[in-house]
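Here is a friendly briefing on the charged side-chain pairs in this protein. Take a look at the sequence and the fold, then read on.

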Amino acid sequence: TGPGVVPIVQGHLFPAPDAVAALKDGSADLPAATAPAPLLGKTTVSVATYRSKPWKWAAKDAVRRLLPSDRVANCMRSRTYLTRVADMGIAVCVGEGRSFFRGIQVCGSPWACPTCAERIAAFRQIELDEYRTAWVEQGGRLLFVSYTVPHVVTARLFLTLDKLSKVDKKVKQDMAYKKLMKRMGYVAAVFATEVTYGRNGWHPHRHGIFFIDDEHITAQDVQQELIEIWIRKLRAFGLSAAKEDAVFQHGISVTDSSERLAEYITKYGQLPKWDESKELTLGMLKQGRGESVTAWGLLDMYMRGDTNAGDLFIEYATVMEGRRQLVKTPGLAQKISAAAVDVMDDEAAAVEPKEADVVTVLTMQEWEDVCSAGLRGEVLEAALLSGASGVRLVVAEARARRGTWTRGSEELAV
C-alpha cells in the first residue's frame with residue numbers, strides 16, 4: 001500500500017491521520033500514480049444527474065465512506081450548536097423553488113461535498129455575474145483566460161498543482177507580464193482552479209477573468225504574449241522542446257467576452273445560460289472532455305464499483321481541502337464599483353432562501369432513521385413535490401428499514 005496510507009475497507013487506501021499533511025505537501029513517500037483502470041473515464045450519467053437530490057445525497061454517503069474522519073463526513077447530519085442546546089428537531093423547509101434542512105451543520109467544502117459545493121457554486125455564480133454586469137455596463141472589457149501546464153500520468157496531484165502555482169507566480173512576477181497588464185488597462189481579476197483526471201493523469205487548469213479598460217488591445221495579442229511568457233517560465237521547470245508546440249496550441253486561451261455579454265444583456269435582459277461565470281463556478285458539473293472526468297465523475301464511478309476511482313477521489317479531496325473556489329483581487333468590488341460583499345465558502349454554503357416555509361419537523365429518532373437509511377435526498381424531494389404528507393411517507397419507509405441496518409458506533413445529530 002505504500003507508506004502514509006492504511007487500508008480500511010473494500011481495498012481502498014484511506015489517508016492515515018498523520019498522513020494528510022504529507023499528502024498535501026508531497027512529503028509522503030507514495031507510489032507513483034498509475035494509469036486509470038479500464039472503467040475510469042467512462043460514466044453513463046448525464047450532467048443533470050449531478051444536480052439531482054437523490055444523486056447528491058447518495059454521493060454524500062459515498063464521501064462519508066471514503067473520508068470517515070473528515071469534516072465532510074458529518075456534513076448535514078449533526079445539529080448546529082443552537083439547535084442542540086434548544087433540543088430542537090430538524091426542520092424540513094421549502095422556499096424559492098428549493099427544499100433544505102434547517103438546524104444542521106454544513107462543512108462548506110467546494111471540493112468534496114456534493115451539496116455544499118452546489119450551494120457555494122450558485123452563490124459564487126451570482127456574485128461573479130454582478131461583477132461582470134457592473135463592469136460591462138460601465139464600458140469596461142472582460143477577457144476570459146484559461147491555462148494549464150504539461151502533465152503526465154505518473155505525477156501526483158499535489159505535484160502538478162504545485163507546478164501550476166509556481167509557474168503562475170513566476171509569470172506574474174515577470175516584467176513583460178507587468179508591462180502587458182499595463183497596456184491592457186488591467187484593473188482586477190478573478191480565478192478558479194478546475195481539476196480533471198484522464199489517460200494522462202491529473203489535469204489541473206485555471207480559468208480567469210481579467211477586468212480591463214483598454215479599448216484597443218485584442219484577445220489574440222494578449223494570448224500570444226502570455227504564451228511566450230508562459231513557455232519561457234516553463235523552460236525553467238524542465239519543459240522540453242517537444243512539448244512547446246502543445247503549449248502553443250493548448251496551454252493558454254484568451255477570449256474577449258465583453259461584446260457578446262453586452263449584446264445578450266441588451267437583447268434578452270439577462271445573462272446567457274452557460275458563460276464564463278458558470279465556467280468558473282460550475283466546473284464540477286461539466287462532462288470531462290474526451291475520456292477525462294471531474295471529481296464528481298470519479299465519485300460516481302466509485303459508487304458504481306470502481307475502487308480505483310475512489311482512491312483518486314480521496315487524493316483529490318485531501319489535496320484540495322482548504323483552498324477557496326474563487327481567488328479574487330483584493331478589493332475587487334470596490335475597484336469595479338460593484339455592490340457584492342465578500343463571503344467565505346462556508347458562509348455561502350449556509351445561506352438559506354430569504355423566504356421559506358417549514359413543511360415539517362423531524363424528531364431526532366426520525367432523523368437518525370432517515371440518515372441511516374440513506375433517504376435524506378428523498379425527504380427533500382418529497383417536501384418539494386408533495387409537502388408534509390410526502391415527507392411522512394419517506395420517514396415511514398426509513399422507519400420500516402430500521403431493523404435491516406446496524407447503527408454501529410456512529411452518533412447522528414448529537
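**Salt bridges in the predicted model**

Arg-124, Glu-127, Lys-328 and Asp-345 are joined in a network of salt bridges (a salt bridge being a side-chain nitrogen of Lys or Arg within 4 Å of a carboxyl oxygen of Asp or Glu). Across the whole structure, the search finds 21 salt bridges. This is a predicted model, where local features need pLDDT of at least 70, side-chain atom pairs count only at pLDDT 80 or more, and totals for chains, interfaces and linings use all residues. Residues are numbered from 1 along each chain as its sequence is written, and side-chain values use heavy atoms, leaving out hydrogens and water.

- Arg-156 and Glu-315 form a salt bridge, with 3.1 Å between the closest N and O atoms.
- This pair links distant parts of the chain, 159 residues apart: Arg-156 is in the loop between strand E5 (141-148) and helix H5 (157-173), and Glu-315 is in helix H12 (residues 307-320) (helices, H or I with at least four residues, and strands, E with at least two, are DSSP runs numbered from the N terminus).
- Both Arg-156 and Glu-315 are buried (buried means under 20% relative accessible area, exposed over 50%, partly exposed in between, with a 1.4 Å probe and protein chains only).
- Arg-392 meets Glu-366 in a salt bridge at 2.7 Å, N to O.
- Here Arg-392 in helix H16 (residues 376-400) is linked to Glu-366 in helix H15 (residues 364-373), 26 residues apart.
- Arg-392 is partly exposed at 31% relative accessible area, while Glu-366 is buried at 13%.

**The Arg-401 pair**

- Arg-401 forms a salt bridge with Glu-397, their closest N and O atoms lying 2.8 Å apart.
- Arg-401 counts as partly exposed at 30% relative accessibility, and Glu-397 is partly exposed at 36%.
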